[in-house]
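Please open the structure in your viewer and keep the selection panel at hand. The tour below goes from stop to stop, saying what to select next and what is there.

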Amino acid sequence: MGASEDKGPSESGGGALGAVDRAFFSVEKLMALISALCIFALMAVGVWQVLARKLFNAPIYGYIDIVEIAMTTFAFIAISYTERLGGHVRMEIFASRMRGRLLWFVEVVGVLLSLFVVATLTYYSYTHFLRAYTAGDSTMDLELPWWPSKLLVAFAFVILFIRLLISLWGYMRLLINPGLEPVGVPLIADLDMVAEETARVGAGEQKGH
Amino acid sequence: MPELSNDTIGVLGVIALLVLVFAGVRVYIAASLVGLLGTVAIIGWDAGAGIIGTVPHSKSIQYTFSVLPLFILIGYLAFHAGITQSLFDAARKWLGWMPGGLAIASVFANAGFAAVSGASTATAAVFSRIAIPEMQKAGYDNKLAAGVVAVAGTLAALIPPSALMVVYAIIVEASVGQLLVAGFLPGILSAVGYAAIVFVWCLINPKLGPAIPGYTWSDRIKSLPGTLPVVAVILIIFSSMYFGWATPTEAAALGAFVVFILALFNGMSMRSLYDALMETAKLTVMIFALVWSVLIFVRFLGFAGLPERFAQFIVGLDMPAWAVMVMILIGYLILGCFMDAIGMLLLTLPVVYPAVTALGYDPIVFGVIVVKMCEVCLVTPPIGLNCFVVSSVRREIPLQTVFKGALPFVIADFILIAIFLAYPDLILWLPRQMLAN
């Protein structure tokens, strides 16, 4: 079990599905970038908070509120980007041994189950947001409204739902004609590929010298 | 259709989850699906789906969890900060004179790097590049060189900062700070244990790892400044949690900032920074998805009353507590043949943890032991990823050689786990001192 390391859509080809995949991936990438920048900002705000508190006895008022409100960004909005790259954990010990129609059938069933779960979570996350919006829920110190944070969760699930529809399209065409080149779907990586990817990430050390 | 009891629904849910996970459904989807349908089966659609729909937001948006992305960020930035090479240089100059000195140096350089990174496999990748060629040049046996690098990488999950330890704390609702501090001493003891194995192994058979004499005291002293950044990060992260002058999130932010500045000084490009941030975002959302989905599953198990029943069953067994614990740990070792650490931890803890605490084990002791067990699975066949990584970086060393080289250290790990179980104070001493402070 592990997280595969698909490299994302190829730069060209793949017909209509390839074009849709690429266009949607650019949206996902933008969301992941926002998530990444929020993590960077979390670091900066944390440093500021400690220094301001320790050196000037002036901590950021409502620091915890700000962090909690911002957490939706890095906890959710890159979920679809990670899905496209096969970054979510799955057990591949059996699936990686499957070939042809059987593999694509299993993937189609998996995507259909995912669509059901994500649709349900989208709807009920949305009602969760509506309640907060109607009731005017807010944080403890700064009294920031909670609803944008809750709405962002529902939005992240909508994006994931669309990504899953694209995956369903990709797997269905392979199920119908297993001879086609896979487009718009993350592929299962074996352990050697995951190891190579890890080795690539660790290679950053060498570049600095 | 006959009415199913909550117990039966609970057991069916666990079986369904296992079937889905083995069939290759992503774990966050499988856990959410079973949690959703199971809850609905017990309390109905509107109430069940309504409750489950609130879990992702309400369970993720907690200040304590915000330490996770920062720990992950430190790990990715650390690879660009140029500290692995300086750590290994210093360790080599100070320890090279011993039998197996370069291998021992690898262990302690790894332990130092573990203090700025929580990523075992990536640590193994870096040291495969830095330490193994040096050992090969000095005539070290490939088995020893590869085995020690694969195993020493696992120290990252014990020595703070450790993402795995934070995930455990989240699931069992324990103190993140206490768990992180608790991992420190077992991490150091593990490093000493690995070094002792190398020392004895090379004392018996000096050809495996010859000593590298010739470094002067001046060389040694000159090697120390390069390790100062690591010392700074250790001081920031450890002392903040130990003395409570900053929250784990604030400490992680400071640690990440120090490593970020180092990486900039070391010439990290904008492209590398972008990659590190995007990888951090990806890994962060992956862990959060696992956490909230497993908490959906936990909510369902709570409605079914399964963890309590399982705990009652375990406590009612006519066996001493330690024997049950050994069986649980063997179970983890077997599961580790199919799953990676985080998946294994998240899928099992909701059921296993209440049983373990009912047996009288301390949550912190179990946390450290189970994380250590997960790490052992990174160096055991068939899917010990650290060994795959070492073999992937050093293509001249076959995978089997890496697994063989890791074996003596795995045995040492089992002995260490037994010692920790017998003397839990080794784990609890530091967190207790921290509370006293």
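Predicted model: local features only at pLDDT ≥ 70, side-chain atom pairs only at ≥ 80, totals over all residues.

Residues are numbered from 1 along each chain as its sequence is written, chains are lettered from A and ligands numbered from 1 in the order in which they are written, and side-chain values use heavy atoms, with hydrogens and water left out.

**Cavities**

The structure holds two cavities of 30 Å³ or more. A cavity here is a set of points, on a 1 Å grid over the protein atoms alone, where a 1.4 Å probe fits but cannot get out, and its lining residues have an atom within 4 Å of a point. Grid points are joined across faces, edges and corners, and a volume is the space filled by probe spheres set on the points.

Select Glu107(A), Gly110(A), Val111(A), Ser114(A) and Arg26(B), which lie nearest the centre of the largest cavity among its 15 lining residues; the space inside is about 140 Å³. Then show helix H4 (100-135) and helix H5 (147-176) of chain A, each of which supplies at least two residues of this lining, with H4(A) giving the largest share, five residues. Helices are DSSP runs (H or I, at least four residues), numbered from the N terminus. The lining of the largest cavity divides into seven nonpolar, four polar and four charged residues, where Ala, Val, Leu, Ile, Met, Phe, Trp, Tyr, Cys and Pro count as nonpolar, Asp, Glu, Lys and Arg as charged, and the others, Gly among them, as polar.

Next, move to chain B and select Ala115(B), Ile159(B), Pro160(B), Phe184(B), Val233(B), Ile234(B), Ile237(B) and Phe238(B), which line the second largest cavity, with a volume of about 60 Å³. Helix H13 (residues 228-243) of chain B provides the largest share of that lining, four residues, and the lining consists of eight nonpolar residues, with no polar and no charged ones.

**A nonpolar patch**

Return to chain A and select Tyr126(A), Leu130(A), Tyr133(A), Trp147(A) and Leu151(A), which make a nonpolar surface patch of about 450 Å². H4 and H5 of chain A are the elements that give two or more residues to the patch, and H4(A) gives the most, with three. Such a patch is made of residues with over 30% relative accessible area and no salt bridge, nonpolar side chains (Val, Leu, Ile, Met, Phe, Trp, Tyr) being joined within 5 Å; accessible areas come from the Shrake-Rupley method with a 1.4 Å probe, and for residues only the protein chains shown count as cover.

**Salt bridges**

Over all chains, 14 salt bridges are found, each being a side-chain nitrogen of Lys or Arg within 4 Å of a carboxyl oxygen of Asp or Glu.

Select Glu107(A) again, now together with Arg90(A): their side chains meet in a salt bridge (3.3 Å, N to O). The pair links distant parts of the chain, 17 residues apart, with Arg90(A) in the loop between helix H3 (79-84) and H4 of chain A. Glu107(A) is buried at 7% relative accessibility, and Arg90(A) is buried at 3%, where buried means under 20% relative accessible area, exposed over 50%, and partly exposed in between (1.4 Å probe, protein chains only).

Finally, select Asp275(B) and Arg271(B), whose closest N and O atoms are 3.4 Å apart in a salt bridge. Asp275(B) is partly exposed at 29%, whereas Arg271(B) is exposed at 54%.

Terms used
1 Å grid on protein atoms, 1.4 Å probe; cavity = no way out; pocket = protein on both sides within 12 Å on 5 of 7 lines; lining within 4 Å. Patch = residues over 30% accessible without salt bridge, like charges linked within 9 Å, V, L, I, M, F, W, Y side chains within 5 Å.
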